[in-house]
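Keep the structure open beside the text as you read.

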Amino acid sequence: MNCSISGEVPEEPVVSLKSGLLFEKRLIERHISDYGKCPVTGEPLTMDEIVPIKTGKIVKPRPLQAASIPGMLGMFQNEWDALMLANFALEQQLHTARQELSHALYQHDAACRVIARLKKEKDEARSMLAQADRQIPMSALMASNAPALTNGRRAAEDEELGPGAKRMRPGISASIIAELTDCNAALSQQRKKRQIPPTVATIDALERYTQISSHPLHKTSKPGVVSLDIHYDKDIIATGGLDTNAVLFDRPSGQILSTLSGHSKKVTSLKFVARGDLFLTGSADKTVRLWQESDNGNYNCRHILKDHTAEVQAITVHATNNYFVTASLDSTWCFYELSSGLCLTQVVDSADSNGYTSAAFHPDGLILGTGTSEAVVKIWDVKSQANVARFDGHVGAVTSISFSENGYFLATAAHDGVKLWDLRKLRNFRTFSPYDSDTPTNSVEFDNSGCYLAISGSDIRVYQVANVKSDWNCIKTFPDLSGTGKASCVKFGPDAKYLAVGSMDRNLRIFGLPSEDGPLES
């Protein structure tokens with residue numbers, strides 16, 4: 001008697017009361033628990049309707065192959081062959097599964113790359129659309145009131161041309177000179193009573209500065225931060241890059257406030273206007289752009305100034321916050337009115353045709369310092385636009401100029417290092433040569449209190465400001481963590497509480513005390 005399911009002799013036979021069929025107990029139990037019916041007739045069936053059959057102990061006969069040693073060896077050989085065939089089949093299945101998994105992973109990686117590229121293209125398209133939305137209403141406004149907006153957009157036939165087809169400039173009027181003089185007198189009087197604020201960072205604190213954050217603000221396709229400025233009241237840092245963009249970064253929150261696009265070449269210089277919501281950028285595309293913050297936090301381009309015929313290398317804002325100066329490789333510097341974007345005068349040194357590579361106003365506002373591509377530093381009287389002093393001695397282009405807040409010291413940087421000049425005696429009283437002959441000094445900057453001086457080149461160094469006769473000690477040296485060996489710009493934060501550094505990668509780096517700005521960030 002055989003089981004109706006397996007067809008073999010059951011070890012524990014049971015019979016169905018309904019159909020009378022014989023089953024193996026364990027098989028029928030499983031079938032009833034799964035389906036609840038007879039596997040042969042299909043009728044409903046429960047375990048209560050299954051009756052066990054009592055039989056004697058069944059002794060299975062020994063198979064014929066197991067009756068002799070040769071038979072057993074043959075049986076073992078067959079089992080071994082079957083095992084090897086099964087193992088080979090498993091290995092083949094494993095190899096196939098690995099190939100399928102590898103192909104699936106490759107497809108997943110390719111899909112992730114495509115998604116990332118599409119997201120990047122979507123973000124760039126949104127950015128371009130937002131920029132177009134900002135510029136379209138501004139373009140319409142310029143078209144309706146072009147002469148009042150900017151001399152950079154006026155038609156050539158509307159410009160007044162003087163002898164030699166040069167543009168006629170209205171010049172710096174007597175009222176503007178009076179405004180500059182009054183500002184100078186007020187600031188000079190304040191400087192005589194000047195005291196170092198107690199909130200300025202101490203030397204001990206500066207010695208403990210380290211990198212507290214690094215922020216990738218510019219594009220990877222054209223890495224490099226070449227200009228830097230800080231709005232002290234708002235603690236906003238602006239960076240200009242080789243990617244033609246200027247980025248406004250809120251340091252306390254660590255968020256990008258705005259990315260200003262419009263220049264076609266690198267942004268060589270940028271400046272905040274201390275009062276108001278204006279911002280200036282100069283570029284190697286020969287233009288200067290004047291931006292204004294809107295109610296929604298975005299910046300719109302108010303004026304595009306096209307008075308220079310070569311790269312604009314420097315922008316500096318006057319202490320009145322009503323005027324600014326731009327310097328260019330075309331060997332001229334221009335004096336502008338901020339409210340109108342009008343170039344009041346464009347100054348050419350007839351005795352020298354070298355292009356300008358840096359510029360800065362004296363803190364009192366009646367003196368302008370410029371550096372040239374031929375290692376010359378020139379001091380100008382802003383009221384008369386006359387060159388009143390000339391400093392020689394550098395090697396290579398003068399890349400950076402900074403006046404001390406005390407009004408007496410001028411620091412200039414060039415390929416050979418940094419020179420300090422005493423403006424009272426018009427002489428060089430100290431020279432720093434921190435790097436080798438193949439490494440230029442890219443930037444030099446006094447802090448706002450006049451207590452410290454920062455230098456950037458292949459690293460960043462901070463010096464304690466002393467007097468003419470005393471030594472200026474190096475307080476701290478920070479390595480260039482970008483790996484490029486070119487720290488291109490450096491700027492002190494408010495009260496020298498931190499240093500902002502731009503390098504030839506795309507990152508802005510902040511050096512300060514970790515306890516004040518949170519944990520270290522790689």
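How many cavities of 30 Å³ or more does the count come to? The count comes to one. A cavity here is a set of points, on a 1 Å grid over the protein atoms alone, where a 1.4 Å probe fits but cannot get out. Grid points are joined across faces, edges and corners, and a volume is the space filled by probe spheres set on the points.

Before going further, please note that this is a predicted model, in which local features need pLDDT of at least 70 and side-chain atom pairs count only at pLDDT 80 or more, while totals for chains, interfaces and linings use all residues. Residues are numbered from 1 along each chain as its sequence is written, and side-chain values use heavy atoms, with hydrogens and water left out.

## Cavity and pocket

The largest cavity holds about 30 Å³ of space. Its lining is made up of Ser-16, Lys-18, Ser-19, Cys-38, Thr-41, Glu-43, Pro-44 and Leu-45; lining residues have an atom within 4 Å of a point. By class, three of these are nonpolar, three polar and two charged. Ala, Val, Leu, Ile, Met, Phe, Trp, Tyr, Cys and Pro count as nonpolar, Asp, Glu, Lys and Arg as charged, and the others, Gly among them, as polar.

A pocket, by contrast, is an open set of points with protein on both sides within 12 Å along at least five of seven lines. The second largest pocket has a volume of about 740 Å³. It is lined by 28 residues, and the closest to its centre are Glu-124, Ser-127, Lys-219, Asn-245 and Thr-259. Helix α2 gives the largest share of this lining, ten residues, and both α2 and β8 supply at least two. The lining of the second largest pocket has eight nonpolar, twelve polar and eight charged residues. Helices (H or I, at least four residues) and strands (E, at least two) are DSSP runs, numbered from the N terminus.

Helix α2 covers residues 69-144 and includes Ala-132. Ala-132 is partly exposed, at 30% relative accessible area; buried means under 20%, exposed over 50%, and partly exposed in between (1.4 Å probe, protein chains only). The C-alpha atoms of Ala-132 and Gly-262 are 10.0 Å apart, although 130 residues separate the two along the chain.

## Sheets and hairpins

Strands of a sheet pair through backbone hydrogen bonds, either parallel or antiparallel. Two strands count as paired if DSSP finds at least two bridges between them.

Another open sheet of four antiparallel strands runs in the order β21-β22-β23-β24. Here β21 (400-403) and β24 (427-432) stand at the edges, each with a single partner strand.

| Pair | Bridges | Facing residues |
|---|---|---|
| β5 and β6 (residues 236-241) | six | Asp-229 and Ala-238 |
| β23 (residues 417-422) and β24 | five | Val-418 and Phe-432 |
| β19 (residues 377-381) and β20 (residues 386-391) | five | Asp-381 and Ala-386 |

## Positive phi values

Most residues other than glycine have a negative phi. In the hairpin of β19 and β20, which has four residues between the strands, Gln-385 takes a positive phi near 55 degrees.

Thr-244 has a positive phi near 75 degrees and sits in the loop between β6 and β7 (246-250). Is Thr-244 buried or exposed? Thr-244 is buried, with a relative accessible area of 13%. Asn-321 has a positive phi of about 60 degrees, lies in the loop between β13 (312-317) and β14 (323-328), and counts as buried at 15% relative accessibility.

## Nonpolar cores

A nonpolar core is a set of buried Ala, Val, Leu, Ile, Met, Phe, Trp, Tyr and Cys residues joined through side-chain atoms within 4.5 Å. The largest has 20 residues, and Tyr-209, Tyr-452 and Leu-499 have the most contacts inside it. Strand β29 gives the most to this core, with three residues. Apart from this core lies another, of 18 residues, among them Leu-180, Ala-314, Leu-344 and Phe-361.
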